[in-house]
Amino acid sequence: MLNRLLRASMTKILGPIAHLFLRLGISPDVVTIVGTLGVCVGALAFFPRGEIWVGVLVITAFVFSDTVDGIMARESGRSSKWGAYLDSTLDRMGDSAIFGGLVIYYAGRGDNQLMAGLALACLILGSVVSYAKARAEGLGYTADVGIAERADRLVAVLVAAFFADLFNSTVLLGVVLGLLAVASFVTVLQRMLTVRRQALASGEVGA
């Protein structure tokens with residue numbers, strides 16, 4: 001939902017940055033790679049030490065590279081299957097680092113097994129959400145449905161983690177992680193049912 005609502009606005013805001021990078025001769029792939037590295041460092045260097053709000057700020061500084069590289073690719077005419085593949089693959093890496101960093105913190109220094117379990121559930125289910133769509137497209141189907149797409153999950157967990165750490169409220173982040181886990185599970189089911197309907201319509205499975 002957020003991905004659709006904010007795409008136009010973020011393109012206008014980040015367009016000048018994308019144009020500057022192009023004038024400097026920077027390629028979209030470089031922006032994708034550097035952005036992912038920044039997200040991973042922010043999550044895995046700061047979250048496990050309990051410096052959650054600092055990690056969120058670092059991640060936020062790099063997470064918009066996903067939009068910048070897309071603008072650059074379109075403006076320069078460099079859009080390609082390779083670029084899309086690289087972008088999607090590294091997105092999964094960044095997402096896993098964010099939730100993985102929370103798992104490491106709560107399983108260790110944070111000493112909260114429930115929170116660690118919720119973060120792990122979000123990590124696993126988030127990966128399955130992405131896989132369900134990618135696998136469907138690989139088989140010739142579409143699965144562009146769901147109540148918890150990538151942008152929704154990222155905004156929710158980063159905002160909740162920032163304020164939970166700032167106000168020392170584990171409950172806030174726990175509620176958000178729980179809701180994200182449920183929403184991700186529902187999204188997986190939605191995508192599975194969507195693909196099954198398409199398969200039934202094409203006669204590729206029994207009724």
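The lining of the second largest cavity divides into 4 nonpolar, 4 polar and 3 charged residues. In this classification, Ala, Val, Leu, Ile, Met, Phe, Trp, Tyr, Cys and Pro are nonpolar, Asp, Glu, Lys and Arg are charged, and the others, Gly among them, are polar. The model is predicted: local features need pLDDT of at least 70 and side-chain atom pairs count only at pLDDT 80 or more, while totals for chains, interfaces and linings use all residues. Residues are numbered from 1 along each chain as its sequence is written, and side-chain values use heavy atoms, with hydrogens and water left out.

## Cavities

The whole structure contains 2 cavities of 30 Å³ or more. A cavity is a set of points on a 1 Å grid over the protein atoms alone where a 1.4 Å probe fits but cannot get out; a pocket is an open set with protein on both sides within 12 Å along at least five of seven lines; lining residues have an atom within 4 Å of a point. Points are joined across faces, edges and corners, and a volume is the space filled by probe spheres set on them.

The second largest cavity holds about 90 Å³ of space. Its lining consists of R92, D95, S96, F99, C122, L123, G126, S127, S130, R153 and L154. Helix 5, helix 6 and helix 7 are the elements that give two or more residues to this lining, and helix 6 has the largest share, 5 residues. Helices here are DSSP runs of H or I with at least four residues, numbered from the N terminus.

The largest cavity holds about 120 Å³. Of the 17 residues that line the largest cavity, T36, V39, S65, D91 and R150 lie nearest its centre. At least two lining residues come from each of helix 2, helix 3, helix 4, helix 5 and helix 7, and helix 5 gives the most, with 6. By class, the lining of the largest cavity has 6 nonpolar, 5 polar and 6 charged residues.

## Salt bridges

There are 5 salt bridges in the structure, each defined by a side-chain nitrogen of Lys or Arg within 4 Å of a carboxyl oxygen of Asp or Glu. The table gives examples.

| Pair | N to O distance |
|---|---|
| E51 and R49 | 3.3 Å |
| R150 and D91 | 3.6 Å |
| D144 and K133 | 3.4 Å |

The salt bridge between R150 and D91 links distant parts of the chain, with R150 in helix 7 and D91 in helix 5, 59 residues apart. D91 counts as buried because its relative accessibility is 11%, where buried means under 20% relative accessible area, exposed over 50% and partly exposed in between (1.4 Å probe, protein chains only). Leaving aside neighbours within four places in sequence, D91 is in contact (heavy atoms within 4.5 Å) with D66 and R150. D91, R92, D95 and R150 are linked in a network of salt bridges.

K133 is partly exposed, at 26% relative accessible area. In the pair of E51 and R49, E51 is partly exposed at 30%, and R49 is partly exposed at 43%.

## Nonpolar cores

A nonpolar core is a set of buried Ala, Val, Leu, Ile, Met, Phe, Trp, Tyr and Cys residues joined through side-chain atoms within 4.5 Å. The largest core has 32 residues, of which F47, I59, I98, L102, V157, L173 and L177 touch the most other members. Helix 2, helix 3, helix 5 (81–107), helix 6 (113–138), helix 7 (150–166) and helix 8 (170–201) each supply at least two residues of this core. With neighbours within four places in sequence left aside, L173 contacts L102, Y106, M115, V157, A160, A161 and A164. Another core, of 6 residues, lies apart from the largest one and includes A18, V31, V68 and M72.

## Second largest pocket

About 200 Å³ of space lies in the second largest pocket. Its lining has 13 residues, and F21, V31, V34, F62 and S65 are the closest to its centre. Helix 1 (2–23), helix 2 (28–46), helix 3 (52–63) and helix 4 (65–76) each supply at least two residues of the lining; helix 2 has the largest share, 4 residues. The lining of this pocket divides into 11 nonpolar, 2 polar and no charged residues.
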